[in-house]
Amino acid sequence: MDPESEGPQITKVTPLQQMLASCTGAILTSLMVTPLDVVKIRLQAQNNPFSKGKCFVYSNGLMDHLCVCEEGGNKAWYKKPGRFQGTLDAFLKIVRNEGIKSLWSGLPPTLVMAVPATVIYFTCYDQLSALLRSKLGENESRIPIIAGIVARLGAVTVISPLELIRTKMQSKKFSYKELHQFVSKKVSEDGWISLWRGWIPTVLRDVPFSAMYWYNYEVLKKWLCAKSGLYEPTFMINFTSGALSGSFAAVATLPFDVVKTQKQTQLWTYESHKISMPLPMSTWTIMKNIVAKNGFAGLFTGLIPRLIKIAPACAIMISTYEFGKAFFQKQNARRQQY
C-alpha cells in the first residue's frame, strides 16, 4: 500500500523530495505539540526531587527552592510550592505563573532538532524499506520493524545533544546565557560525550517505539485500505493509521520516557544549585526508585499529555509526509510524460 512502491505506473520519489516532504510536517507538528510536551515534562520533573543531608532541592517544574530543614520541619526557610494535580492543572499554573509563551519554551531547539531528525528518520526509513523490499520481497512483514529500528538509531544518535538541551529548557525556565554556561561547563569538565547523557533511555524509548509504530502503521494502513476497497491509502487512512499506531507505541514506551526526563533534568538541577553530581544511576535503578516512591503508576507519569501529544503528532506527521510524497510523485509523472 506504499504509494511509492505499489500500484500501476509507479513513479519514484527521490531522496531529496522525501526530505522536502518531511520538513513541512516536522515544522507544523512541532508548533502544535510543543505545549503538550512542556506539560508532560513538567509533570515528570516534579517527581524528581534530590536530597543531600539536610539540604534538598524541591522542584515541581515551575520553581525550584534550595531548602534547609531538620526532621519534623521545625527549621525550614522555604515555602513549598504546590504540585501539579494533573494535565489541566499544569496548563493553568504554567500560564498563570510564567505566561502563555512559556508553553512554547524550548521551541527554537525543538525546531532545530525536529527538521534534521525528521529528514534523517523518514528518508532513511523509506530508503531502507525500498532496499529491503528489493531483497526480501514486497510482502515481508519484518521490513517495517528493521527499517524503523535502524532509521531511529541513526536519528537519535545525531540529535541526542539537542534533545538534552530542549528537555532542560522545558523542565525549568531559564535564559540562553545560563544554558550556554551550563553546556560549556559540562563539555569542559566531562567532554563532549556528556551531551549524550540520556542516550540509552532515549534509545530504549524511541527504538521500540519506532519498531511498533511502523509495523502497526503498515498493518493498519493495509487493513483500512482493504475495508474501504481502495488500492492506495487516502489522506484520512494515513492520518488514522498514524494516530492509532502512535498511541499504542506511546503507552508501551512511556516508562523509558519518564526515565529519560529524570536523567536529563537531574543534571541541570545539581549543576544549577552547585550540588556535586553523584555517580549516574542505571535506567533499571531509576525505574525501581520510581516504583518504590510513586508506585507502578509513577512509570506512567504524563500519560495523558503524552497521548494527547503523540496521537495527533504521528497523524499529522505521517499524513503530511505521505501527502508530500504523493505531490512529488504527480510532478515526476508529469515530467516523464513530456
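Visitor: With which residues is isoleucine 318 in contact, leaving aside its neighbours within four places in sequence?

Guide: Contact means heavy atoms within 4.5 Å. By that rule, isoleucine 318 is in contact with Phe122, Tyr213, Trp214, Tyr217, Asn238 and Gly242. This is a predicted model, in which local features need pLDDT of at least 70, side-chain atom pairs count only at pLDDT 80 or more, and totals for chains, interfaces and linings use all residues. Residues are numbered from 1 along each chain as its sequence is written, and side-chain values use heavy atoms, with hydrogens and water left out.

Visitor: Which residues touch the most other members of the largest nonpolar core?

Guide: A nonpolar core is a set of buried Ala, Val, Leu, Ile, Met, Phe, Trp, Tyr and Cys residues joined through side-chain atoms within 4.5 Å. Buried means under 20% relative accessible area, exposed over 50%, and partly exposed in between (1.4 Å probe, protein chains only). Here the largest core has 24 residues, and Tyr121, Phe122, Phe209, Tyr213, Trp214, Ile318 and Tyr321 touch the most other members. Helices H1, H3, H4, H6, H7 and H9 each supply at least two residues of this core. The largest share, 6 residues, comes from H9.

Visitor: How many helices and strands does the chain have?

Guide: Helices (H or I, at least four residues) and strands (E, at least two) are DSSP runs, numbered from the N terminus. The chain has 9 helices and 3 strands.

Visitor: Which salt bridge does glutamate 218 form?

Guide: Side chains of opposite charge can pair when their charged atoms come close. A salt bridge is a side-chain nitrogen of Lys or Arg within 4 Å of a carboxyl oxygen of Asp or Glu. Glutamate 218 pairs with lysine 221, the closest N and O atoms being 3.5 Å apart. The two are 3 residues apart in helix H6, so about one helical turn separates them.

Visitor: Is lysine 221 buried or exposed?

Guide: Lysine 221 is buried, at 1% relative accessibility. Lysine 221 also forms a salt bridge with glutamate 322 (3.9 Å, N to O). That pair links helix H9 and helix H6 across 101 residues. Salt bridges that share partners join Asp126, Glu218, Lys221, Glu322 and Lys325 into one network.
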